[in-house]
Every structure is written in C-alpha cells, then in structure tokens.
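I'd like to walk you through one protein, so let me put the sequence and the structure up on the screen.

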Amino acid sequence: MRMSRRSRTLLSLGLNFFALFFSITAFITTYWCVGTQRVPKPKCSKLRTHQCIDYGVNETDPNKVVYSWETGDDRFLFRQFHTGIWISCEENIHDESERCRSFIDLAPPSEKGMLWLSLVSEMLYIILLLVGFSLMCLELVHSSNVIDGLKLNAFAAIFTVLSGLLGMVAHVMYTQVFQVTVSLGPPDWRPYNWDYGWSFCMAWASFTCCMGASVTTLNSYTKTVIEFRHKRKTFEQSIREEDAREAFGYFRGHSVHSISKSVDYYSSQTIKSGRKTPIPGDSLDFSDIANSLGEEQC
C-alpha cells in the first residue's frame with residue numbers, strides 16, 4: 001500500500017507520541033516489579049486480633065515461659081510490595097497504609113553505580129523522544145517545503161534511534177540491578193516471590209513504539225529522497241530532450257536557408273556571366289529532353 005509523505009509523517013508522529021506517553025508513565029509509577037514478602041506475624045493485641053501470634057502471656061507471672069504452637073509458614077505474613085525505578089513500597093502490617101523506601105538505598109553498594117546509570121539513561125531516553133516528537137511536529141508544519149522537511153525528517157530519525165538505544169540499555173540495566181537486589185538486598189525487604197509489573201511492560205511497549213517510529217521515519221526519509229531524485233532525473237532528461245529538439249530544429253532551418261541562399265547566389269552569377277554550366281549526368285531527366293526535342297521539330 002502506497003502512502004503519501006504526510007501519511008508516513010503522521011504515522012511516525014503517532015508512534016512517537018505513544019512511546020513518549022508510555023515512557024513517562026513507566027518512569028513515574030512504581031509497578032516495575034511486584035510480588036510478596038514474608039514477614040513474621042506481629043504479637044496480638046487489643047487492636048489486632050487476627051493475623052497475629054497470641055503468646056498468652058500471664059501478666060501476673062512474667063517469668064513464665066510462653067510457647068507458640070504455630071510453625072512453618074503459619075508464623076509469617078505475606079505482604080504485597082511493588083517497586084519502581086525510584087521507590088519501593090510495601091504493605092504496613094500494622095495498619096492499611098503503605099511503607100515506601102528509596103530503591104537506591106535498597107540496592108547493594110556494588111550496583112548503585114549501574115542503577116544511577118540506568119536512571120540517567122531513562123531520563124535521556126525521554127528527553128530524546130521529546131526532541132524527536134517536536135521535530136516531527138515541525139516537519140508537518142513545513143510539509144510544503146521538501147528540502148526543509150527532509151532535514152527535519154533526518155534529524156528526527158537520528159534522535160529517535162538514539163533514544164531507542166538508550167531506552168533499551170536503561171531497561172536492561174534496571175532488570176539486572178533488581179535481580180541482584182533480590183539476592184543481596186536488605187533482609188527485611190527481600191521478596192518471597194516476585195514478577196514484572198505493568199510499568200515494566202509499558203516501558204518495553206514504549207521501546208517498541210520508539211523503534212517503530214524510527215523505522216517509519218527512516219523509511220519516509222529514504223522514500224522521499226528516492227522520489228525527489230527520480231523526479232529530478234526525469235525533469236533533467238526531459239529538459240535535455242527538449243533542448244536537443246530545439247537545437248536540431250534551429251540548425252535544420254538555418255541549413256536549408258543557407259543552401260537556398262547559396263543556390264540563388266550561384267544562379268544569379270551564372271546568368272550574369274552568360275556561361276552555361278555543365279549539368280551532371282545523374283541529374284538529367286531524359287523525358288524532359290525528349291519533350292523539348294519534339295517541340296523543336298514541330
């Protein structure tokens with residue numbers, strides 16, 4: 001299906017917009033990874049009578065040894081947690097609120113440098129996407145001017161490709177940092193089980209849209225250049241053919257005019273001199289000679 005240059009630009013602009021929207025949403029949300037954490041059940045109290053351990057302490061005899069018959073997983077609570085690039089939040093077992101901590105503080109010291117690099121790459125990814133989106137909007141404004149449109153299209157393709165590469169690097173580095181933090185992070189944070197959340201899916205969806213926008217932009221640029229060169233080549237060829245026809249007509253007209261002038265000049269000179277010019281044999285017409293002889297005999 002053939003698409004016009006404006007349609008290709010609109011398609012690239014739409015893909016870039018979705019990539020920018022998904023990336024910003026994933027960056028500011030905290031659902032890159034979700035799961036559960038296993039924590040000991042708190043002590044039962046007057047305010048908390050469920051999901052707790054009742055030691056049955058006798059207040060009159062505090063030295064009495066207390067036993068708990070709960071063993072295995074019955075002694076633990078499984079609380080939900082969700083983690084983003086910046087913050088990690090988990091349920092508070094004492095009330096219905098959430099407890100949030102900086103994920104940078106939770107990461108092991110050996111991984112903090114990579115995490116900061118991932119954060120910087122993610123921010124550059126969003127900035128370059130925004131620049132590419134702005135250039136595509138300017139290309140729509142200058143759609144009537146082919147040269148300016150091509151320049152804007154080329155720069156938009158470069159920025160979009162660079163942003164896609166930075167986004168891919170940022171997502172891969174964050175995944176590696178999180179997996180190391182699961183094993184070497186603080187004991188009170190380490191998840192019992194975990195999986196990737198919808199923010200992580202949106203981040204990779206943003207990367208997919210970004211790559212689609214870059215491919216569409218490069219395709220639009222190459223098609224426009226090829227069409228422009230083909231039209232210019234066709235135009236130059238038609239100009240050469242037209243010039244050749246005009247030159248041929250000019251020289252042909254001048255040649256006939258000069259030959260007729262030469263014949264007239266030569267005939268006038270022959271009449272003035274009174275001399276007969278020999279006529280070549282191949283130019284004689286014998287029928288005309290016979291007719292002339294018959295007229296003389298009569």
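Let me start with a pairing you can find on the screen: F81 has E90 as its bridge partner, and E90 sits in β3. Please keep E90 in mind, as I'll come back to that residue. Before going on, one caution: what you see is a predicted model.

Now the overall layout. The protein has six helices and five strands, and along the sequence they come in the order α-β-β-β-β-α-α-α-β-α-α. The chain has 298 residues, and 33% of them count as buried. The accessible surface is about 19,600 Å², with 63% of that area belonging to carbon and sulfur atoms. If you take contacts between residues at least 6 apart in sequence, 74% of them join residues at least 24 apart.

Let's go through the strands. β1, residues 33-40, pairs with β2 in the antiparallel sense, and eight bridges hold that pairing. Within that pair, V39 has L77 in β2 as its bridge partner. β2 covers residues 76-83 and runs antiparallel to β3, residues 87-91, with three bridges between the two. β2 and β3 make a hairpin, with three residues between them.

Moving along, β3 also pairs with β4, residues 98-102, again antiparallel, and here there are five bridges. The hairpin connecting β3 to β4 goes through six residues. If you'd like a landmark in this pair, look for C89, which stands opposite C100 in β4.

So where does β5 go? It runs antiparallel to β1, and four bridges join the two. The landmark here is V34, which stands opposite D195 in β5.

Now back to E90, as promised. Which residue does the side chain of E90 meet in a salt bridge? The partner is R101, at 3.0 Å from N to O. R101 is in strand β4 and E90 in strand β3, and the two are 11 residues apart. Both residues of this pair are buried. For R101, the relative accessibility is 17%, so R101 falls in the buried class.

D188 forms a salt bridge with R101, and the closest N and O atoms are 3.1 Å apart. Taken together, E90, R101 and D188 are linked in a network of salt bridges, and the structure holds two salt bridges.

Let me turn to the helices. UniProt, in an unreviewed entry, annotates residues 123-142, 154-176 and 196-222 as "transmembrane region". How does the model look over those stretches? Residues 154-176 are 100% helix and 0% strand, and their end C-alpha atoms are 34 Å apart. Residues 196-222 are 93% helix and 4% strand, with the end C-alpha atoms 38 Å apart.

One residue I'd like you to zoom in on is H171, in helix α4, which spans residues 146-184. The relative accessible area of H171 is 0%, so H171 is buried. What does the side chain of H171 make a polar contact with? It is the side chain of E122, at 3.4 Å. Leaving aside neighbours within four places in sequence, H171 is in contact with W32, E122, A203, W204 and F207.

Last stop: R6, in helix α1, which covers residues 5-28. R6 has a relative accessibility of 47%, so R6 counts as partly exposed. R6 and E139 are 133 residues apart in sequence, yet their C-alpha atoms are 9.1 Å apart in space.

If you take two places away from this talk, let them be the salt-bridge network of E90, R101 and D188, and H171 with its polar contact to E122.

Terms used. Residues are numbered from 1 along each chain as its sequence is written. This is a predicted model: local features need pLDDT of at least 70, side-chain atom pairs count only at pLDDT 80 or more; totals for chains, interfaces and linings use all residues. Side-chain values use heavy atoms; hydrogens and water are left out. UniProt positions are given in the numbering used here, feature names are shortened, and annotations may be inferred rather than shown by experiment. Two strands pair if DSSP finds at least two bridges between them. Buried means under 20% relative accessible area, exposed over 50%, partly exposed in between (1.4 Å probe, protein chains only). A polar contact is a pair of N or O atoms within 3.5 Å; within protein, one must be able to donate a hydrogen and the other to accept it, and residues adjacent in sequence count only if both atoms are side-chain atoms. Contact means heavy atoms within 4.5 Å. Accessible areas come from the Shrake-Rupley method with a 1.4 Å probe; for residues, only the protein chains shown count as cover. A salt bridge is a side-chain nitrogen of Lys or Arg within 4 Å of a carboxyl oxygen of Asp or Glu.
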